[in-house]
Structures are given as C-alpha cells and as structure tokens.
Amino acid sequence: MAKPPFGLYIHVPFCATRCGYCDFNTYTPGELGSATSPAQYLDALEQELAMAQTQPVSSIFIGGGTPSMLGWEGLARILGMIKREVGIQPGAEITTESNPESTSPEFFHQLRQAGFTRISLGMQSASSRVLEILGRAHTPGRAFEAATEAKAAGFDHVNLDMIYGTPYEHDEDVAHTLDRVLETGVDHVSAYSLIVEDGTAMARKVRKGELPAPDEDVYADRYAMIDARLQQAGFEWYEVSNWAKPGGQCEHNLLYWRDGDWWGAGPGAHSHIGNERFFNVKHPATYAAQLAQGALPIQDREHLSAEQRHEEQVMLGLRIREGVPLELFNAAEREVLARYEAMDLVEVGQRVRVTQAGRLLADGIIADILTAR
C-alpha cells in the first residue's frame, strides 16, 4: 500500500525589503547585520534536516521570506540536502516561492534541471499605485515576465499570488491584473484579501488615518469579480482563495487543508505530525546556535486534544471544495448546518461543502459550527 502523504516545508527568512503589510518571520540585511548569512542559514538547515524525525516526502514547499534570494544555487543545494537527509517519494511536487525581481530565465532553467516542478510568484497587482501602497519592490510587469520565463523553462505548474482590497484600489486595477494573469497562461492563481496585521507599517498608517481601513463590502465585490473571471477562463476554485486549471492544484497546500502531516524546517517553521504541533525558534541566529549545539531548534510544542483535532478538521476542510464527511459533525453542529443549508450557504450530503455564496462567509460559518453545543 502507498504511504500516506507527508510534506516538508522549508522557511527561508530573508527579504531584500519589508513590505508594509507583511508580518511574516522575515529579516532584511539591515535587520540581521552580521548575525546570520545565507551560507550560515543553509549550513544550519542541513543540520536540522539530518536530525528531523521525518520520512520520505511526497511534497516540498520552500517559502518565506524570499527563497529566490538564495539564487538557484542555494535552492538546488536545499533540494540536494533533502534528497540525502530526508528522501523524496517518486512523483513528488516540489515548489519554491520566488520574488519576480530576483529571478531570470537562467534561474528558472536551473531550478527545472535540479528537479523543481512548481513555481509560485508574488505578483500582488498589475497596478503600480497598488504596489506602491503595499510597499512591493517589483515593477508591475515583472511578475508576468517571470511567469512566462518559468513556463518557457519547462514548468507546467506556475502560480501567481494576487492581493485585492488595497486602499485606493479600483475595479479597473483588479480587471487589468486579471487580464495580465490570463495572458501568461499560468495554471494556478491565489487571491487573498488584504489583511492589515497589527505591528506592520500599514497598520500604523491606518491607525493614524493616513490610509483608509479595509472595506468588507469591497472585499466581497472584488472576490466575486475574480471568481467569475477565472471561472470563465477555465479555472475552478478548490480552496476559498485558490483557483486552478485541471491538474494544477497545489498538492502541498491540499495536504495542509486535508489535515495531513508535515515537518517544517527553518527559523519559525511550524510542524504537524499526528496529534503533535510544534514550531521552531524565530530568529535565524538563535536557530543556527541551537543546531550548532546538537539540539533541534524547537521553541514549543503542543499535544492536540480530540476536540482540537476536530476543530482543525472542520476549520480546514470546509475551506476546500471537496468539504468534509458529514459523520465528522455532532448533533448540535448538524443543527447549525441545517440552518445554513436552508440559507443556501452550505451543501449537506455525505460530505459537507460551502456553496458559492457560502465561500464569502466561510470563516463565520465555521466559527458558528464550532461554538455549537
């Protein structure tokens, strides 16, 4: 029998600049100084992978941060160490995120030769005004050029990440972005509403009144626009914020949403194995120091109760098109489901799924279900 899917996430903590909306565990050269270099990070990562309590993986996702700052040489080295220390199952999906500005035709060619199968590019918008408000460093056209270069290098699976609902964004900005996306011929699009996270530069501007706060009605209108346009072009939604052409779904992210198991390596990376959840120390220097002492850099771990596992299965599973088995829900939760079914927000059969209208309200529906007693 085939082994169940097991994933590996690698976190690369470096960015050239910090975007105004970003609260990820990333560090610019000015923030790190001489504390940790990319070479030191790669050495430490290899130590963690050698010590990891894992198994050959069916999917790999290198994220960040900006993995492409390591160059194709650094990313190929990571893939080589995974092969040696962990093992890769035949036919595994191997993805790296990339910033369009730190890529080139040679970069994509070398990654394809190394064995990568999927590229995810941070696009955000085709509008220079929107990119400026977000604090993104790349020019509006570079993401689309990079997508075309990746496809020319032999990547069948290319994703473009989009953010909508930015202050001062117009419908025309979103429509133009979608036009450019579809021109590239990519097979996957991720579209996320802007979230103003506490502690970010954007949050400070909103608090001071320098930028307007996000508008939920605008989010809903933009989401509907994106969904309609992508469906018209042959994409199907398979998770609330993700659309793909047939065969283009991201298997690694589906592993998360299906409540699968993965090991997270790198500073601040999170892991989930069975009933255990744990995460690494965040700072790259501390991460490297602990590994140099022969210890896994785990900061904290949690044993999940049956109730917590249930909550995660519902929370994750109702965000994907396939939904979750009806048998997962207790009597009180089924009463809530019946109410939402009458409102045409969920479909209830052998599996429970959110409807087209329910997607916009998925978070609230899930919260309502999980508080039912």
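The second largest pocket has a volume of about 290 Å³. A pocket here is an open set of points on a 1 Å grid over the protein atoms alone, where a 1.4 Å probe fits, with protein on both sides within 12 Å along at least five of seven lines. Points join across faces, edges and corners, and the volume is the space filled by probe spheres set on them. The model is predicted: local features need pLDDT of at least 70, side-chain atom pairs count only at pLDDT 80 or more, and totals for chains, interfaces and linings use all residues. Residues are numbered from 1 along each chain as its sequence is written, and side-chain values use heavy atoms, with hydrogens and water left out.

The pocket lining has 13 residues, each with an atom within 4 Å of a point. Pro4, Pro5, Ser58, Leu255 and Arg258 lie nearest the centre of the second largest pocket. Strand S2 (57–64), strand S3 (88–98) and helix H10 (251–257) each give two or more residues to this lining. Helices (H or I, at least four residues) and strands (E, at least two) are DSSP runs, numbered from the N terminus. By class, five lining residues are nonpolar, four polar and four charged. Nonpolar covers Ala, Val, Leu, Ile, Met, Phe, Trp, Tyr, Cys and Pro; charged covers Asp, Glu, Lys and Arg; the others, Gly among them, are polar.

The chain is assigned domain 1 (6–257) and domain 2 (306–371), with bounds from an automatic or database assignment. Their C-alpha centres lie 28 Å apart. At the interface, 14 residues of domain 1 contact ten of domain 2, contact meaning heavy atoms within 4.5 Å. The two domains bury about 1200 Å² between them, 56% of it from carbon and sulfur atoms. Buried area is the accessible area (1.4 Å probe) lost on putting two parts together, summed over both. Trp237, Val240 and Trp257 supply 52% of the area that domain 1 buries against domain 2, more than any other three residues.

Two salt bridges cross this interface. The count comes to 18 by the rule: a side-chain nitrogen of Lys or Arg within 4 Å of a carboxyl oxygen of Asp or Glu. Two examples follow.

| Salt bridge | Closest N and O atoms |
|---|---|
| Arg359 with Asp227 | 3.1 Å |
| Arg77 with Glu46 | 3.3 Å |

Arg77 sits in helix H3 (residues 71–85) and Glu46 in helix H2 (residues 38–51), so this pair ties together parts 31 residues apart in sequence.

Two backbone points remain. The Gly64 to Gly65 peptide bond is cis, with omega near 20°. Gly65 lies in the loop between S2 and H3. Gln124 is not a glycine, yet has a positive phi of about 70°. Gln124 belongs to strand S4 (residues 118–124).
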